[in-house]
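Me: I would like to go through a structure with you, one question at a time. Could you keep the answers plain?

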Amino acid sequence: MATYSADYLKRLMAAVERFEEVFRRWMETQEESDHVQTRGLYPTVWTKEGQDQAAVRALELDVAEAAGAAARAVAVTGASMRVAGLGVVDPIENWSLMSAPRAIFTPQEVRATAARVRGRLSTMISEAEEAAESATPGFAPSELHEVIWTAAAAHWTTHQYRVAVREASEALTVHWKERLGRNDVTDTSFWQQTLSAGEPEPGKPKLAWPGPAEDQTTKSMRGGLAPLAGALNNLATGLNLTVRNVATHTRDELTEQEGMERLAAYSYFARLLDQCEIRRAKESEGT
């Protein structure tokens with residue numbers, strides 16, 4: 001796993017600050033709205049009357065260039081947003097979508113993302129500098145599976161490792177429930193039904209490791225996914241219960257190493273699921 005030096009993180013910080021500056025200058029040429037005012041149907045920004053269109057286009061190119069450089073910082077810090085129906089999306093990289101009908105983001109959400117990135121980078125820079133001084137080997141949890149790190153990042157960077165693991169677990173379940181349209185069952189039942197053997201039923205798609213059914217590796221992977229999901233789901237349940245007990249949480253917080261090991265387990269499981277095939281029941285004739 002890659003380790004980020006303080007110098008590299010500082011370059012990312014500079015890229016984000018550059019984006020904020022050019023974004024601010026571009027927004028001076030724009031009318032600003034939000035999802036409430038636009039009723040979710042219209043753009044959240046549009047050019048003010050009387051603006052020099054050539055100057056506006058030049059500013060947009062500046063923002064696009066700065067966004068390209070700053071997008072890596074969003075990935076490193078896990079500051080992307082989860083958007084219903086779209087999954088994990090980076091507001092900085094996709095800033096131009098504010099000008100489209102049914103805009104996904106508002107200007108304030110783009111600003112908030114940039115501020116969040118700066119805050120997390122600041123913590124990461126301090127930790128990288130301390131690690132360099134003490135010669136302690138570092139690691140980069142941001143290289144974990146995107147769904148896992150996006151959910152965990154805000155808590156991880158404030159050293160709430162137990163909460164970070166719990167949020168990562170819940171986010172993975174929500175991700176696959178939304179993707180398969182299975183918000184009708186509990187988490188435990190969802191994994192049992194989705195990874196169990198047999199054919200899918202209408203409205204109950206399954207995930208299966210790809211490959212010929214008679215292949216030994218395929219058999220092993222298919223047989224192992226369901227128990228792995230059950231074990232991780234039980235771990236998440238335990239974390240969920242203990243983290244809400246203030247006394248237990250205070251006395252028995254996970255260490256950074258313990259949190260990293262647990263996140264790695266969920267990340268590994270998430271990557272296995274990404275390789276699975278989604279199998280749906282065939283529709284009856286005439287439907």
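Me: Is His 159 buried, partly exposed or exposed?
Reply: His 159 counts as partly exposed, because its relative accessibility is 41%. Buried means under 20% relative accessible area, exposed means over 50%, and partly exposed lies in between (1.4 Å probe, protein chains only). Please note that this is a predicted model, in which local features need pLDDT of at least 70 and side-chain atom pairs count only at pLDDT 80 or more, while totals for chains, interfaces and linings use all residues. Residues are numbered from 1 along each chain as its sequence is written, and side-chain values use heavy atoms, with hydrogens and water left out.

Me: Where is His 159 placed?
Reply: His 159 is in the loop between helix 5 and helix 6. Helices (H or I, at least four residues) and strands (E, at least two) are DSSP runs, numbered from the N terminus. The phi of His 159 is near 70°, a positive value in a residue other than glycine.

Me: And what is the phi of Arg 102?
Reply: Arg 102 has a positive phi of about 55°, although it is not a glycine. Arg 102 lies in the loop between strand 4 (87-89) and helix 4. With a relative accessible area of 58%, Arg 102 is exposed.

Me: Back to helix 5, then. How many of its residues are buried?
Reply: Eight of the 11 residues of helix 5 (residues 146-156) are buried, so this helix is largely enclosed by the rest of the structure. Among the buried residues are Val 147, Ile 148, Trp 149 and Trp 156.

Me: New topic: which residues touch the most other members of the largest nonpolar core?
Reply: They are Leu 9, Phe 19, Phe 23, Trp 26 and Leu 121, in a core of 37 residues. A nonpolar core is a set of buried Ala, Val, Leu, Ile, Met, Phe, Trp, Tyr and Cys residues joined through side-chain atoms within 4.5 Å. At least two residues of this core come from each of helix 1 (6-27), helix 3 (53-77), strand 3 (81-83) and helix 4 (107-134). Helix 1 supplies the largest share, 10 residues. A second, separate core of 32 residues includes Ile 148, Trp 156, Trp 176 and Leu 207.

Me: What is Trp 26 in contact with?
Reply: Neighbours within four places in sequence aside, Trp 26 is in contact (heavy atoms within 4.5 Å) with several residues, including Val 45, Leu 59, Trp 95 and Met 98. Ring pairs also link Trp 26 with Phe 19, Phe 23 and Trp 95 into a cluster.

Me: How many aromatic pairs are there?
Reply: The structure holds eight aromatic pairs. One of them is formed by Phe 190 and Trp 191, which are edge-to-face, 4.9 Å centre to centre with 65° between the planes. Rings of Phe, Tyr and Trp (its six-membered ring) pair if their centres lie within 6.5 Å; planes under 30 degrees apart count as stacked, over 60 as edge-to-face and the rest as tilted. Phe 190 and Trp 191 are both buried.

Me: How many salt bridges are counted?
Reply: The count comes to 12 salt bridges, where a salt bridge is a side-chain nitrogen of Lys or Arg within 4 Å of a carboxyl oxygen of Asp or Glu.

Me: Which residue forms a salt bridge with Asp 187?
Reply: The partner is Lys 177, and the closest N and O atoms are 2.8 Å apart. Asp 187 lies in helix 7 and Lys 177 in helix 6, so the pair ties together parts that are 10 residues apart in sequence. Asp 187 is partly exposed at 32%, whereas Lys 177 is buried at 9%.

Me: What about Asp 184 and Arg 182?
Reply: Their side chains meet in a salt bridge, with 2.9 Å from N to O. Asp 184 counts as exposed at 55% relative accessibility, while Arg 182 counts as buried at 0%. Elsewhere, salt bridges that share partners join Glu 21, Arg 24, Arg 25 and Glu 28 into one network.

Me: Last one: where does Gly 181 lie?
Reply: Gly 181 lies in the loop between helix 6 (161-180) and helix 7 (187-195). Gly 181 counts as exposed, at 53% relative accessibility.
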